[in-house]
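The model is predicted.

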Amino acid sequence: MLRTLCRTGGIILQQSQRTVPRLWVPAAQQRWASSLPMNTVVLFVPQQEAWVVERMGRFHRILQPGLNFLIPILDRIRYVQSLKEIVIDVPEQSAVSLDNVTLQIDGVLYLRILDPFKASYGVEDPEYAVTQLAQTTMRSELGKLTLDKVFRERESLNSNIVHSINQASDEWGIRCLRYEIKDIHVPPRVKESMQMQVEAERKKRATVLESEGTREAAINIAEGCKQAQILASEGEKAEQINKAAGEAQAVLAKAEAKAKAIRMLSEALTEQNGDAAASLSVAEQYVSAFSNLAKQSNTILLPTNTGDISGMVSQAMTIYSKLATVSPKLSHEGEAEKKDNLVNQLLSSEEPRTQ
């Protein structure tokens with residue numbers, strides 16, 4: 001009986017060594033993994049690995065990293081699953097966009113096993129299943145976009161592919177972390193048309209920028225002319241204001257000087273012998289007027305009594321005395337001014353006038 005049991009165990013052990021493993025591990029591990037681990041009663045499971053154990057052909061348990069014990073002959077390690085993040089290259093494939101452009105596109109898929117039981121018994125070849133699912137999802141998502149949107153919305157395309165893969169791979173115990181599109185190849189004619197479109201777009205931008213520069217330059221020149229005219233008008237305004245202020249000050253100074261002269265003349269006339277001084281001034285102006293006769297024109301008008309200077313002076317003084325008796329109530333300054341104006345009118349009426 002014991003001999004038969006030993007023979008049976010040896011046959012099972014030989015079959016287990018000859019069995020080709022179905023491992024879903026990275027390519028680097030597949031190159032050196034030639035067989036499943038043997039049941040040596042005492043087993044040491046590496047970190048980030050899950051060993052699926054079957055007892056008499058039925059799932060028993062999953063060995064955790066570290067020290068584990070198994071029953072010989074009855075327990076058997078059926079699957080070894082890696083819990084690390086796995087990178088799978090999605091082969092290049094053709095897809096048709098929404099605007100009927102054929103594209104050659106490939107990508108990279110990043111995934112991780114979350115449930116070793118589902119990954120072992122839920123699907124026969126998880127790597128092949130996920131790769132095919134990524135390809136079909138990529139073709140369906142590309143068919144929803146035009147060629148221009150494929151290049152602009154690569155991030156949204158990647159996220160849509162990841163979402164679609166996760167919906168289908170939940171039953172397999174696999175979680176797709178991310179999907180990245182590597183290369184997108186377009187037909188040569190389409191590529192040439194895209195380059196022509198880019199060149200046309202650049203020429204358009206250059207023309208628009210040039211026109212905007214011309215417009216900005218014209219606006220700046222107009223603004224400069226406007227500011228120059230405003231500044232010039234403000235300068236002319238300030239000049240006129242200053243000129244008017246100067247003329248007003250000059251007129252005021254002349255008026256003050258004339259008022260002061262009239263005041264002084266009035267004070268002089270009120271003093272003793274003021275009438276004699278006024279007579280002397282009238283006589284001097286009369287004589288100086290005759291010295292300018294016939295200098296500007298040869299046509300002159302002379303009074304009848306040209307040589308009677310004393311009569312002329314006595315007539316002016318008579319008018320002055322009458323003015324003083326008519327308005328005795330005038331103020332001192334107003335009286336002096338009236339008298340002076342009257343004397344000037346008298347002298348101007350009696351002077352020789354030229355034409």
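## Helices and sheet

Helix α6 (residues 154–169) lies across β7 and β8, and runs at about 140° to β8. The strands belong to an open sheet of 3 strands, ordered β6-β7-β8, with antiparallel pairing. β6 (86–96) and β8 (174–185) are the edge strands; each has a single partner strand, so one side of each lacks a neighbour in the sheet. From one strand to the next, the twist averages 25°.

Between β6 and strand β7 (residues 102–113), which run antiparallel, there are 9 bridges. Within this part of the sheet, A95 stands opposite L103 in β7. Helix α4 (residues 126–142) also packs on the sheet, where α4 touches β6, β7 and β8. The direction of α4 makes about 40° with that of β6.

## Aromatic pairs

There are 4 aromatic pairs in the structure. One of them, Y79 with Y121, is edge-to-face, with 5.5 Å centre to centre and 80° between the planes. This pair links distant parts of the chain, 42 residues apart: Y79 is in strand β5 (residues 75–82) and Y121 in helix α3 (residues 116–121). Y79 counts as buried because its relative accessibility is 13%, whereas Y121, at 34%, counts as partly exposed.

Ring pairs join F59, Y79, F117 and Y121 into a cluster.

## Arginines over rings

R78 lies over the face of Y79, 5.0 Å from the ring centre. R178 lies over the face of Y110, at 4.2 Å from the ring centre.

Terms used
Residues numbered from 1 in each chain as written. Predicted model: local features only at pLDDT ≥ 70, side-chain atom pairs only at ≥ 80, totals over all residues. Heavy atoms only, no water. Pairing = 2+ DSSP bridges. Helix = DSSP H or I, 4+ residues; strand = E, 2+ residues; numbered from the N terminus. Axes fitted to C-alpha atoms, helices over the stretch in contact; angles between N-to-C directions. Contact = heavy atoms within 4.5 Å. Phe/Tyr/Trp six-rings, centres within 6.5 Å; stacked < 30°, edge-to-face > 60°. Buried < 20%, exposed > 50% of the residue type's maximum accessible area, 1.4 Å probe, protein only. Lys NZ or Arg CZ within 6 Å of the ring centre and 35° of its normal.
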